[in-house]
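User: Hello! I'd like a close look at a single part of this protein, taken residue by residue.

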Amino acid sequence: MTERFEVQRQIAAAPAKVFALLCDPNGHVTIDSSGMLQSADGQPVGAVGDSFVVHMDRESLNDYPLGKYDVTVIITKYVEDELIEWTISGVLQPPIRHLYGYRLEPADGGTSVTSYYDWSEIDEAYRDKGIFPVIPEAALRATLGILARTVE
């Protein structure tokens, strides 16, 4: 059984432009296809360990009655204009340790963007609960479409 989704799309924008949006807390809200991300507070990130708060609404998925809650996005990998990855910490403890990220590669006419969602490192407390993946692969693909629309 796979514990990671990866989807890729060519986007007609420079890597620096795409990366700037991915570093901006409000950029995450702008491109979210799940409907869960409602708003964000914090400054753009620039290094591993940086963080910001996202106000969530799980009712958008209609799977678990978590309602509205906040999570802290914590950057786990950061290579300017090439890679950004994060995990979240929130109401569920211990932290879940699922990872989201984007890899960017220059391409003719713009950027090849790979979005991934990895739940291979989730805490054992959640492994047998049947809640992963939280979002389907199609949501990653839809988010890339919104990203393209936003930066092109």
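Predicted model: local features only at pLDDT ≥ 70, side-chain atom pairs only at ≥ 80, totals over all residues.

With which side chain does the side chain of Y116 make a polar contact? Please describe the surroundings too.

Analyst: The partner is E85: its side chain and that of Y116 make a polar contact at 2.7 Å. Y116 itself sits in strand β7, which covers residues 110–118. With a relative accessible area of 3%, Y116 is under the 20% cut-off and therefore counts as buried.

Beyond its neighbours within four places in sequence, Y116 touches a list of residues that includes R4, F5 and E6, then L83, I84 and E85, and also L99, Y100, G101, Y102 and R103. L140 is on that list as well.

The structure has six aromatic pairs. One of them is W86 with Y100, stacked at 6.0 Å centre to centre with 15° between the planes. This pair joins distant parts of the chain, since W86 belongs to strand β5 (residues 83–89) and Y100 to strand β6 (residues 99–107), 14 residues apart. Y117 and W119 form a tilted pair, because their planes meet at 40°, with ring centres 5.1 Å apart. Y117 is buried at 0% relative accessible area, and W119 is buried at 3%. Ring pairs connect F5, W86, Y100, Y102, Y117 and W119 into a cluster; among its members, F5, Y100 and Y102 are also contacts of Y116.

Definitions and conventions: Residues numbered from 1 in each chain as written. Heavy atoms only, no water. Helix = DSSP H or I, 4+ residues; strand = E, 2+ residues; numbered from the N terminus. Buried < 20%, exposed > 50% of the residue type's maximum accessible area, 1.4 Å probe, protein only. Contact = heavy atoms within 4.5 Å. Polar contact = N/O pair within 3.5 Å; in protein donor to acceptor, adjacent residues only side chain to side chain. Phe/Tyr/Trp six-rings, centres within 6.5 Å; stacked < 30°, edge-to-face > 60°.
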